[in-house]
Amino acid sequence: MPDFTGFLEEIGEASDALRLLVFGLLWTPQVKTVLERVPFVRRTYDGWRWQHPFDREHGVDTSGAIPADDLECDPDLAAHSSPYGGSQPSIVRSCLATLPDPAEYAFIDLGCGKGRPLLVASEFPFQRVVGVEMAPRLAEIARQNAATVKRRRGQQVPIEVQVGDATTTAAPAVRVVYFLYHPFDAELTGALAENIAAQLGGRLEHAFIIYYNPVHAEVFDRSPHFARWSARSLPYAADEIGYGPDLEDSVLVWQTVPGRYPPQPGAGRQVIIDPEQTRASVIA
């Protein structure tokens, strides 16, 4: 049975329209259900395996999928954590572009991995860009990626990467944009929500929480300290199709209460979680 690497490379060089057609067919539920059972062919759906176009463009290493057990970090944290896999830059960029007044906020990625969202966030005028990662090996890769992008782009917002427990992190500014790409289970998500809420009224004045693939959205929904600000399902950019687990991803954004900004249309949309609790989908 042939490896699909060559196939993906050829499709990667095709026009956007052809890519959308081919991958749209491959991701049709009836087709995907069959092909996912076929050895080698099912690797087509393991998009994190391939080097992402973002890495080729910027000369960085943010691709790959790494199980939590292989991250060489605190085993108690790893037991509650998701595997490493990179979010789609176009989706992160789209989310950040909708936020009001970014220059008044610091950005912090909780469970930053190799730092792909940090690199995207550095394109925006945040006061600070900070990543917190439990695995020292991934944190070091994130630092190297940040240094590479700084050399290539010139002066950007400096990227800071810290090693530690993301659920206990102190707010890096009075106004903060928290970003998380489904980094851990409901227990740690709850601890994170409690940590953010506990800082309100102290140094922390206001925060947005961007939850990409919000598998445990109910944690924030049921808290009196957070209110929905937006809920969207966003398609991958054409050149990103085939380099992730699907063709689109869902993102919810909350703001702390009392809210500073009116919610976006559709902020209360329903979220459906798959039986394995690995994927969240916003219902239009």
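This is a predicted model: local features need pLDDT of at least 70, side-chain atom pairs count only at pLDDT 80 or more; totals for chains, interfaces and linings use all residues.
How many nonpolar, polar and charged residues does the lining of the second largest pocket have?

**Figure 1. The lining of the second largest pocket.** By class, this lining has 5 nonpolar, 3 polar and 6 charged residues. The volume of the second largest pocket is about 200 Å³. It is lined by 14 residues, and those closest to its centre are Asp-246, Glu-248, Arg-279, Ala-280 and Ser-281. Three strands each supply at least two residues of the lining: strand S7 (248–256), strand S8 (271–273) and strand S9 (280–282).

**Figure 2. The largest pocket.** The volume of the largest pocket is about 810 Å³. Its lining comprises 46 residues, and Ser-82, Pro-83, Tyr-84, Tyr-181 and His-182 lie nearest the centre. Two elements give two or more residues to this lining, namely helix H7 (116–121) and strand S2 (129–133). Sorted by class, the lining residues of the largest pocket are 19 nonpolar, 17 polar and 10 charged.

**Figure 3. The aromatic pair of Phe-107 and Phe-179.** A pair of aromatic rings is described by the distance of the centres and the angle of the planes. The structure holds 12 aromatic pairs, and one of them is formed by Phe-107 and Phe-179. In this pair the distance is 6.0 Å centre to centre, with 35° between the planes, and the arrangement is tilted. Phe-107 belongs to strand S1 (residues 106–110) and Phe-179 to strand S4 (residues 175–181). The two residues are 72 residues apart, and their pair thus links distant parts of the chain. Phe-107 and Phe-179 are both buried.

**Figure 4. The aromatic pair of Phe-220 and Trp-254.** The ring centres of Phe-220 and Trp-254 are 5.0 Å apart and the planes stand at 35°, so this pair is tilted. Because Phe-220 lies in helix H10 (residues 217–221) and Trp-254 in strand S7, the pair ties together parts that are 34 residues apart in sequence. Both Phe-220 and Trp-254 are buried.

**Figure 5. A cluster of aromatic rings.** Ring pairs link six residues into a cluster: Phe-107, Phe-124, Phe-126, Phe-179, Tyr-181 and Tyr-212. Another member of the cluster, Tyr-181, is one of the residues that lie nearest the centre of the largest pocket.

Key. Residues are numbered from 1 along each chain as its sequence is written. Side-chain values use heavy atoms; hydrogens and water are left out. On a 1 Å grid over the protein atoms alone, a cavity is a set of points where a 1.4 Å probe fits but cannot get out, and a pocket is an open set with protein on both sides within 12 Å along at least five of seven lines; lining residues have an atom within 4 Å of a point. Grid points are joined across faces, edges and corners, and a volume is the space filled by probe spheres set on the points. Helices (H or I, at least four residues) and strands (E, at least two) are DSSP runs, numbered from the N terminus. Ala, Val, Leu, Ile, Met, Phe, Trp, Tyr, Cys and Pro count as nonpolar, Asp, Glu, Lys and Arg as charged, and the others, Gly among them, as polar. Rings of Phe, Tyr and Trp (its six-membered ring) pair if their centres lie within 6.5 Å; planes under 30 degrees apart count as stacked, over 60 as edge-to-face and the rest as tilted. Buried means under 20% relative accessible area, exposed over 50%, partly exposed in between (1.4 Å probe, protein chains only).
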